[in-house]
Amino acid sequence: YQRRVHGIIKKFSRLREDMAESKKKEKYDNKMREIKIEKLILNLCTGESGDKLTKAAKVLTDLTGQTPVESKARYTIRSFSIKRNEKIAVHVTVRGKQAEDLLHNALKVKEHELRKGNFSDDGNFGFGIDEHIDLGIKYDLNTGIFGMDFYVILGRAGKRVSNRKHARGKFGKFQRISAEDAKQWFTEKCAGTII
């Protein structure tokens, strides 16, 4: 009798383990867990206002087809000849399919290699390129060559819950993206390597 009871207990514990494992698998296969590019920010800093900044804005317009926004200096830095509130950079935010295409083009320039330090704790990552003409834009003698920064913000479904005005709620810990999740996404989706 004891042997039979012991056998039944063993069977149930194995069943419980299997159920827990399948539940865990279901949780990770969930469509809501899918990581997507929320937005891609292209930043081009010239360090001075005027003609150079206008040319930089033209480069971003040619690249994205959107009107860039100008950024101002937060404080005066004498050694860089920057005054407070002087316009020194232009940036543009791209979303959707265009963001994916631009990211793949930029990663081709970097040979799909990023450093460990490029990834933040929130699961975002960024990198820079030295010459914008590597992205496939034709070199223009009047414009010159600019380097630019790419910053990718990744997100999962439901992130809006913490930002919306009505019925605002807490964005769960399980849904947040960690640096490890971002690295895994980068290696799988972008066929990248981390050095």
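Reader: Why does K58 count as partly exposed?

Author: In this predicted model, K58 has a relative accessibility of 43%.

Reader: What makes the pair K58 and D62 a salt bridge?

Author: The side chains of K58 and D62 meet with N and O 3.3 Å apart. The limit for a salt bridge is 4 Å, and the pair therefore qualifies. Both residues lie in helix 2, four residues apart, about one turn of the helix. D62, at 48% relative accessibility, counts as partly exposed.

Reader: Why are K97 and D101 separated by about one helical turn?

Author: They are separated in this way because they stand four residues apart in helix 3, which comprises residues 96-109.

Reader: What does the salt bridge between E38 and K159 tie together, and why?

Author: The closest N and O atoms of E38 and K159 are 3.3 Å apart. E38 lies in strand 1 and K159 in the loop between strand 6 and helix 4, so the pair ties together parts that are 121 residues apart in sequence. E38 counts as partly exposed at 31% relative accessibility, and K159 counts as partly exposed at 28%. A search of the whole structure finds seven salt bridges.

Reader: Why does T64 count as buried?

Author: T64 has 7% relative accessibility, and buried means under 20%, so T64 counts as buried. This residue lies in helix 2, residues 51-64. Beyond its neighbours within four places in sequence, T64 is in contact with L42, V92, V94, Q98 and L102.

Reader: How do you know that the side chain of T64 reaches the backbone oxygen of L60?

Author: The distance from the side chain of T64 to that oxygen is 2.7 Å, and a polar contact requires N or O atoms within 3.5 Å. A polar atom of the T64 side chain also lies 3.3 Å from the backbone nitrogen of Q66.

Reader: What makes the pair S71 and H91 a polar contact?

Author: Their side chains come to 2.9 Å, and the limit is 3.5 Å, so the pair counts as a polar contact. S71 is placed in strand 2, residues 69-72.

Methods. Residues numbered from 1 in each chain as written. Predicted model: local features only at pLDDT ≥ 70, side-chain atom pairs only at ≥ 80, totals over all residues. Heavy atoms only, no water. Helix = DSSP H or I, 4+ residues; strand = E, 2+ residues; numbered from the N terminus. Buried < 20%, exposed > 50% of the residue type's maximum accessible area, 1.4 Å probe, protein only. Polar contact = N/O pair within 3.5 Å; in protein donor to acceptor, adjacent residues only side chain to side chain. Contact = heavy atoms within 4.5 Å.
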